[in-house]
Amino acid sequence: MSEEQNPPPLPELSLLIFRLADEWFAIDTYALNEVIEKRPIHTIPNRPEKILLGLVNIRGQLKICVSLHILLELPDLQQEKEKYVVISKDNSIWVCPIDELLGIHYFETDQISPKHEAASKTSEAYLKGVIQLGDRNIGYLDAGMLLESLDRSFG
Amino acid sequence: MLPEQKALLAFSKLLRNQLSTLDFPLIAETLKKICDVAEIMGYTPLKELSDSLRLFAASQADNQTPFIKDQVTVLVQITDEIQAIAQDEQLRDKLNIPNEKLNNFKVIVDSLRKKSGKTEIPQINLPFPDHFTLEEIKKGDGGFFELIDPLMVEEFYQTVGEKILVLNSGILAIEKRGVDEEIHRVRELIDVAQTIANMAERINLPLLSLMMKTVAEKFQEFEEVQGSCSQEAIDHLFQCIDTIDFVRQVKPRDIERWIGENRSKIEELINYLAVEPKKKEVEEPKPDTTMLNLLRIELETQVANLNNGLIDLEHNPDNVEVLSSLMRYSHSIKGATRVVQLDPIVKLAHAMEDFFSSAQNNSNIVTEANIDFLLQAVDVLNQLISTDLADINAWVEKEKNQIAQLTQSIQVISRGLSLKTGQKRVSFPKKKEIPEPPKAQERILRVGAQSLNRLMGLAGETLVHSRWLQPFLDSFVKLKKEQVEISTLVDRLSHAIQSSDDPSKAKELVKALENQMILCRDSISRRLIELELFNLRISTLAERLYQEVINNRMRPFSDIVESFPRMVRDAARRMNKKVKLEIIGRNTTVDRDILEKLETPLNHLLRNAVVHGIGTPKERMDVGKPPEGTIRLEAKHVGGMLSITVADDGKGINFEKVRKKIVEDKLVPEEIAKNLNDTEVMEFLFLPGFSTSKDLTELSGRGLGLNIVQNMVKEVGGTARITYTTGRGMTITLNLPLTLSVIRALLVIISGEPYAFPLSRIDRALLIPKSELKSIDNQVYFQFEENTIPVAMASGVLELKSKEEEQDLVPIIIISNELNNYGLIVDKFIEERELVIQELEPKLGKVANIIAGSVMDDGSPVLIVDIENLLKSTALFLKEKVEVLLKPKEKKKIDKPKQILVADDSPTIIGIECRILEAEGYKIETAVNGIEALKLLRIGNYDLLVTDIDMPKMNGIELMNAIRKDIKLHSLPIIVVSFKNEPDDKAMGLEAGADIYLTKSSFTDESFVKAVATLLKKER
């Protein structure tokens, strides 16, 4: 028994890293359902809310597609998005188009540095902290807060 | 005779012989063969029995345990039964029917097996007695029993011998399946134990009698006290039974001694049983909601059964079959409510059961009055069902006294005493109809186990088929390699042709190339065939899967009809009428959603039929009809639609009465009413608040009935039709779509995205040459048949970006309601298609103009428009927005129809006024209150206002005051049409700014038209 080595400890955080506008973000994979290829988004008539992009078919079910750019108050320059991330909490599922996908990366908790106290931008209000990956500064999104705020915006 | 039966017969004879030698290994072998034969025949009960028996025989062979005589008796009996089965001519038909006898034998054998191997139960060991036979008693060797009638002694011994197996197998069954499943057995056991106790008493064995009494009490407790059946109790019961079994085998002369020796042990046993906690009173655990939920489901079924059974019973008081099924239902309710410890209800159900049981002997007690009491009890159960799960206990506690009173009443009437209805009528406060709070939990649907199995099967098959793709993919990789080989050969060939003069080399390469190509071609065509087959299989499979899922949405019509017979019966009884309800097509399948919506309208229709349609027995007999009226409720599938018919053989429609009522209600003046034809008169029946019954009763007369029906039918896109024969009844037929989950729709493109218009709700889809679109005062119209139809851009109404596309032919969809037609311009028509409806995410909230979503074949989303909503939005849009579709030069000045706004809160009045004015060529818009009217007036361009005084939100006076103050509107001509015909009212109206004041009672077409014309002329 003693010869058996302890398995290497699992990394504490597994995060999906993606880009919105020119900022990089990370979100916990537990909030992530899947990443899908781009597909038609059907506009919803008589609904002028900017955050509401429309409806997307996820395995035969029409799910709400929202703009994280609008939520985080980022400029949305590139119109056509190639990938959408599907995030969920309980029964609510949201589809969010992203500008670029980096993939899933693993981190330890101590790799997260606290965000700047004076969070000036709206996007920073949704951050739990900041992570360094290579030369990229990545905002670690508070998935719970993000989803809650989406839920609320359609209360 | 089945061929296997011959084999069975041979084996059973063999078994019989083997039993006499008690050669267990051989017996086991024969039983194995019987078991195999039973399996081949597909006769499960026999197979299971012989299998159990074989195991028992095998264990006997292994253990060499002492063998008791009974066991042989059982084996002989079973052998006889098998022999009987082997000779049964009709066996073929019985194979699928459970065989009670065989099952019982199996339980017995199992119990024998258990006993032969049992060790776990803590034993109070009693010395095993010497064997003796009944002959000894008969021989007069009575011993202890000398002074007692030997017949009684014999009877005791025999009874114990007969019943010991019943007791053993009964307790075993209870242990296995619980008291509730085996409640019948518990009853039987109480009787048996009691009988044995009595007999023991008679032959002077008081201790044994006491023991058996305790046993009987214990069983009683099982029945009455939920959860009293503990493992410990069962073990002790087994020991008591063993004791009595031992006694049977003690020689009579030794019995006193034997009992004396074992007295303390027996007393100990009795104490155990008597002292054992009756019920754990400490901290009554709240029955969890799962149990209550199950209870509710069970009660729903049983209550419906009870209701129908009771009504059946009322018609046939002597029908024993009905009575016994009623007994069964109340019994189930008793059992079910006991599980969750709703004691008052348990007692109520018990009283009901008693009533039915005494009714079997004395059908005199089945009277209408008494049935009322029982129906009241059913109502209590019904209220219980509708009470929120969490509040059930509280509700029962609150209504405890009422329920007890009712229970008592039922007990009294069961004894044949009469109680006047009403005298002790127990009333329960009606539960307030609180709309269920929206639950976060998804709703639960019941799906048949078979269907679920089929779905599993189909899903499994889909999985298997999908695995076929992997090897297919691999073969394509191989094919690609072969293809690469071709390119290599071509390269080498071209190289050879260029560089060498050796033609044979090139030839060789060409040959190789040809071979390779043939190889490739073969492999491609082979794969193509495979793929075709796969396509065939997978599409059939998908179709079947889809159908199965759709079928799951369907429920039999019977799901909602169960409450109707009761409702009709009650209504008829209260009206002193005799009515029979015939329900046809209980098994007709209907979409769950439609079924849900149907219940209320059908309730109204049936009630109407009882109250208005069917006459009193006297009235009916006067016109030569049987005193009992018949209402027929029928559901069937006709031409891809669901057709529901409610037909009565009553009076039909009394058109004179309706006309009179129309005039009384001042819906139209008398002269108009006189000229309405029958079809028009019937239209009034569908109006809200219209009823011909004289007074409002609880039953009917609020006049909402037909209106509710109409609304429901419209909502699901169906039609309602009344057919009637005066004096011979009325028939209402509802034609509804079979399912709400699939619709046929026209797919169009609006603003570059697909939308679907339900086919049932669009009038026309046309391609109109652009030149036919006329623009008048910034409004676009086109002429279609007799109508001038206003046109709007669909993208505009839906607030989408419009696509500027020049088209010579404009695709227009015409939609309409009773009052208006509109044309909507779309980008393009695609096609007609069936769509599976999907509710939109509830999180979105209400999406204007959209009723649902769907997914197209290519997976892209499509939205289904809500026509009703769209009609309203279009009307508003046309007023709010000035449409510039055509270039100014194309505009042609034609005489524009005068626009009149009609404001009234009664759709009937609006309808009448519109009809009159439209006939005169005016263009009409309508508003149902002052606020709406004012809004329309401000954004629109009207020449005249016709308004009522009494209107909700803003009345006519306030409206006129507002108009006269408005800069733009102050000079608008106004006509008031009102019920108020007191001089004061008129003065007030005129003062507020009315130009002409008409009262509804004096209202005629001519006076109205004249008034309108005068004012419009003046304006010009």
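At what angle do helix α22 (residues 564-574) of chain B and helix α23 (residues 592-613) of chain B pack, and how far apart are their axes? In this predicted model, in which local features need pLDDT of at least 70, side-chain atom pairs count only at pLDDT 80 or more, and totals for chains, interfaces and linings use all residues, residues are numbered from 1 along each chain as its sequence is written. Chains are lettered from A and ligands numbered from 1 in the order in which they are written, and side-chain values use heavy atoms, with hydrogens and water left out.

The two helices pack at an angle of about 30°, and their axes are 10 Å apart; axes here are lines fitted to C-alpha atoms, for helices over the stretch in contact, and angles run from 0 to 180 degrees between N-to-C directions. Helices (H or I, at least four residues) and strands (E, at least two) are DSSP runs, numbered from the N terminus. The angle makes α22(B) roughly parallel to α23(B), given that angles under 35 degrees count as roughly parallel, over 145 as roughly antiparallel, 65 to 115 as roughly perpendicular and the rest as oblique. On the α22(B) side, F564(B), M567(B), V568(B), A571(B) and A572(B) meet residues of α23(B) that include E599(B), L602(B) and L606(B), contact meaning heavy atoms within 4.5 Å. The residues of this contact divide into eight nonpolar, one polar and two charged, where Ala, Val, Leu, Ile, Met, Phe, Trp, Tyr, Cys and Pro count as nonpolar, Asp, Glu, Lys and Arg as charged, and the others, Gly among them, as polar.

Helix α22(B) also packs with helix α16 (residues 368-386) of chain B, at an angle of about 135° and with the axes 13 Å apart; the two are therefore oblique to each other. Here E368(B), A369(B), I371(B), D372(B), L375(B), V378(B) and D379(B) of α16(B) make the contact with R566(B), R569(B), D570(B) and R573(B) of α22(B). By class, four of the residues in this contact are nonpolar, none is polar and seven are charged.

A further helix pair in chain B is formed by α19 (residues 449-499) and α20 (residues 503-553), which pack at an angle of about 165° with their axes 9 Å apart and are therefore roughly antiparallel to each other. Their contact has 29 nonpolar, eight polar and 11 charged residues.

Between the chains, 23 residues of chain A are in contact with 25 residues of chain B. Together the two chains bury about 2,000 Å², 59% of it on carbon and sulfur atoms, buried area being the accessible area (1.4 Å probe) that two parts lose on being put together, summed over both. In chain A, the residues that lose the most area to chain B are H42(A), N46(A) and L62(A), which together account for 36% of what that side buries.

One salt bridge is found across this interface, a salt bridge being a side-chain nitrogen of Lys or Arg within 4 Å of a carboxyl oxygen of Asp or Glu. The side chains of E841(B) and K63(A) meet in a salt bridge with an N to O distance of 3.1 Å. Over all chains the count comes to 43 salt bridges. Within chain A, E100(A) forms a salt bridge with R19(A), with the closest N and O atoms 2.8 Å apart. This pair links distant parts of the chain, since E100(A) lies in strand β8 (residues 100-107) of chain A and R19(A) in strand β1 (residues 13-20) of chain A, 81 residues apart.
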